[in-house]
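Open the model in your viewer and keep the selection tool ready. The stops below go from the whole chain to single residue pairs.

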Amino acid sequence: MKRVVLSAVALSAAVIFSSCESSQRVTRVSADSVTDIGGTWNDTDVRIVADQIVAGCLASPRIAEYPANHGGKLPVIIVGSYRNKSDEHLDTEIITKKLEAALVNSGKVEFVASSSERDEVRNERNDQQINSSEDTAKSLGNETGADFILQGSVKTIVDTDGKIMSRTYYVTTELINIETNKKIWMDDNSSIKKIIKSSSVRM
């Protein structure tokens with residue numbers, strides 16, 4: 001009898017373990033595939049918005065015509081912060097890094113490090129003044145100043161009746177002349193809009 005009980009327990013444990021083991025499945029997909037699981041902000045949205053912002057910025061007259069008006073010199077841009085004013089937790093640094101990469105790789109602008117990155121570089125340069133040879137130590141006071149700063153925010157508008165929810169993301173961007181504080185280009189991107197149908201939509 002005892003042996004039968006132990007066998008039954010072992011069989012139940014095996015069934016439970018097998019059930020738990022097969023409850024999770026992982027599917028590898030292409031990095032540029034469109035994924036929308038929960039209806040919230042995701043990597044596809046970042047990619048779409050960043051591509052559109054960069055395309056619009058580079059095509060704006062004051063950036064496109066800058067080299068011709070400044071002896072062939074490319075405009076120098078820095079990406080500032082994007083504030084999260086949405087109702088979700090968004091890592092806006094992902095947006096800024098996507099914008100930085102796209103702008104640098106376009107070859108149409110020069111790019112300088114952000115404020116946090118500059119601090120690290122300056123520490124290294126100061127350290128070189130003491131510990132590096134005179135031939136290899138990099139000089140102080142030769143940083144390239146940015147002409148323009150790109151910054152913005154992300155907001156959401158949510159409309160729901162309890163069963164169907166509409167989520168629209170507004171990503172506003174401003175390109176500002178650092179010397180004059182003039183806004184030379186603005187963009188209000190609302191291309192990301194989602195309809196989420198569920199038996200119980202989160203309010």
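What percentage of the contacts in the protein with a separation of 6 or more is accounted for by residues 24 or more positions apart? They account for 64% of those contacts, where contact means heavy atoms within 4.5 Å. This is a predicted model, in which local features need pLDDT of at least 70, side-chain atom pairs count only at pLDDT 80 or more, and totals for chains, interfaces and linings use all residues. Residues are numbered from 1 along each chain as its sequence is written, and side-chain values use heavy atoms, with hydrogens and water left out.

**Whole protein**

Colour by secondary structure. There are 6 helices and 5 strands; helices (H or I, at least four residues) and strands (E, at least two) are DSSP runs, numbered from the N terminus. The order from the N terminus is α-α-α-α-β-α-β-α-β-β-β. Now show the surface. The protein exposes about 13,700 Å², and carbon and sulfur atoms supply 52% of that area. Accessible areas come from the Shrake-Rupley method with a 1.4 Å probe, and for residues only the protein chains shown count as cover. Of the 203 residues, 30% are buried. Buried means under 20% relative accessible area, exposed over 50%, and partly exposed in between (1.4 Å probe, protein chains only).

**The core**

Select Trp41, Ile63, Leu99, Leu103, Leu150 and Leu175. Among the 27 residues of the largest nonpolar core, these touch the most other members. Such a core is a set of buried Ala, Val, Leu, Ile, Met, Phe, Trp, Tyr and Cys residues joined through side-chain atoms within 4.5 Å. H2, S1, H5, S3, strand S4 (164–177) and strand S5 (183–197) each supply at least two of its residues. The largest share, 7 residues, comes from H2. Zoom in on Trp41. Beyond its neighbours within four places in sequence, its contacts include Val46, Ile95, Tyr169 and Ile192.

**Helix H5**

Select residues 92–106. Helix H5 has 15 residues and reaches 21 Å from first C-alpha to last, close to the 21 Å expected at 1.5 Å a residue. The expected span is 1.5 Å times one less than the number of residues. Which residues of H5 are buried? They are Thr92, Ile95, Thr96, Leu99, Glu100 and Leu103. Seen down the axis of H5, they fall within an arc of 135°, so they line one face of the helix. The arc is that of the directions from the helix axis to the C-beta atoms. Their cover includes helix H2 (43–59), strand S1 (76–84) and helix H6 (115–131). Step just past H5: Gly107 takes a positive phi of about 75°.

**Salt bridges**

Look next for a side-chain nitrogen of Lys or Arg within 4 Å of a carboxyl oxygen of Asp or Glu. By this rule there are 8 salt bridges.

Stay on H5 and select Glu100 and Lys97. Their closest N and O atoms are 3.3 Å apart. The two lie 3 residues apart, about one turn of the helix. Glu100 is buried at 12% relative accessible area, whereas Lys97 is partly exposed at 33%.

Move to Arg125 and Glu143, whose closest N and O atoms are 2.5 Å apart. Arg125 lies in helix H6 and Glu143 in the loop between H6 and S3, so the pair ties together parts that are 18 residues apart in sequence. Arg125 is buried at 15%; Glu143 is partly exposed at 39%.

Finish at Arg167 and Glu88. The closest N and O atoms of this salt bridge are 2.6 Å apart. Arg167 lies in strand S4 and Glu88 in the loop between S1 and H5, so the pair ties together parts that are 79 residues apart in sequence. Arg167 is buried at 3%, and Glu88 is buried at 12%.
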